[in-house]
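Keep the sequence and the 3D view side by side, and try each task before you read its solution.

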Amino acid sequence: MGVNQKSKSYLNSFEEYLKSEKNFSSHTIRAYQADVLTFLIWVNEADIKEIDTKKFSEYIYFIGQLNYTKTTVARKIASIRAFYKFLYREEIIDFNPTDTVQGPKRTKSLPNFLSDDEVETILTNVKISTPAGYRNRVIFELLWVSGMRISELSGLNYENLNLNQNEITVYGKGAKERIVLIPNRTKESLEYYIENVSDLICKTDKAPSSPVFINHNGYRLQNQSIRKALKEVLNHIEISKKVTPHVFRHSFATRLLENGADLRVVQELLGHSSIANTQIYTHVSIQRLKTVYEHAHPRA
């Protein structure tokens, strides 16, 4: 099995389109490329113009028989749809075979989140006696109080900090810029890290374009290192939930809504392009209210 050479060139053009026009992250582009390439290998050197709706439906059936979650299948289908939409826009094809084919419905699950006590348990169990430990404590606290994605946090440079105003500029999906806010307590911890701890990890010039969070070589701390540090803390405490850096973001949004924050404000703070992505947190809040009611009311 191989890939039609024309189709391969179209895939290269698609990559450039995702990068320059859609402004997708490198991670998203790689996922789209891999999904489309797998499809092109499956059609076995067929010309892209010969693939009809029936063939696309057969592929959906094929990947549906594999051990993928519904979310993964939906993502693979979305990647191929985006590819064909691009081909149609560029007038490479006259008909989009993916338009009328329905994929499997994605199961919507409520996001996991932490209670205030659980967050405090995590933070108090970070060993801040070492420079790296103090750095990690600041990172976890920032994730919790700001709702930043892990990639947004690891990508912070000194020029993004406006600590006089308790503000941090972050760049989210598609390089979209937004402002996140932090409370005084977190600001003070971050300032102490910058002024007293960072140089103990590795001395740097702290230029505007330099990374805020660094490893012992002075390079930007990567997402994987943050996940590893969190896992090491979780290994020493008992929390029944699965906890990842992204769970701090879920917890941030849930807590704001539970305390009466406007949905549009939460959308802005999270950097969601659509309010539909934010609305799932209202379901989390309602579900929690039901759980409290069922445990607390004598007639429940």
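A residue is called buried when its relative accessible area is under 20%, exposed when it is over 50%, and partly exposed in between (1.4 Å probe, protein chains only). Helices (H or I, at least four residues) and strands (E, at least two) are DSSP runs, numbered from the N terminus. This is a predicted model, in which local features need pLDDT of at least 70 and side-chain atom pairs count only at pLDDT 80 or more, while totals for chains, interfaces and linings use all residues. Residues are numbered from 1 along each chain as its sequence is written, and side-chain values use heavy atoms, with hydrogens and water left out.

**Exercise 1. Find the buried residues of helix α1 and say where they sit around its axis.**

Step 1: Pick out the buried residues of α1, namely Ser 7, Tyr 10, Leu 11, Phe 14, Tyr 17 and Leu 18.
Step 2: Look along the axis; these residues cover an arc of only 115°, which puts them on the same side of α1. The arc is that of the directions from the helix axis to the C-beta atoms.
Step 3: Check the length. The expected span of a helix is 1.5 Å times one less than its number of residues.

**Exercise 2. Is helix α10 mostly covered or uncovered?**

Step 1: Locate α10 at residues 245-258; its 14 residues should span 20 Å, and its end C-alpha atoms are 21 Å apart, which agrees.
Step 2: Count the buried residues: 11 of the 14, so α10 is mostly covered. Among them are Pro 245, Phe 248, Phe 252 and Leu 257.

**Exercise 3. Work out the strand order of the open sheet.**

Step 1: Two strands pair if DSSP finds at least two bridges between them.
Step 2: β1 and β2 are antiparallel and share 2 bridges; Asn 162 faces Glu 167 of β2.
Step 3: Strand β2 (residues 167-171) is joined to β3 by 5 bridges, again antiparallel. Glu 167 has Leu 181 of β3 as its bridge partner, and Thr 169 has Ile 179.
Step 4: The order of the 3 strands is therefore β1-β2-β3. β1 (161-162) and β3 (177-181) stand at the edges with a single partner strand each, so one side of each has no neighbour in the sheet.
Step 5: Inspect the turns. The β1-β2 hairpin has 4 residues between its strands, and Asn 166 there has a positive phi of about 60°. The β2-β3 hairpin has 5 residues between its strands, with Gly 174 at a positive phi of about 70°.
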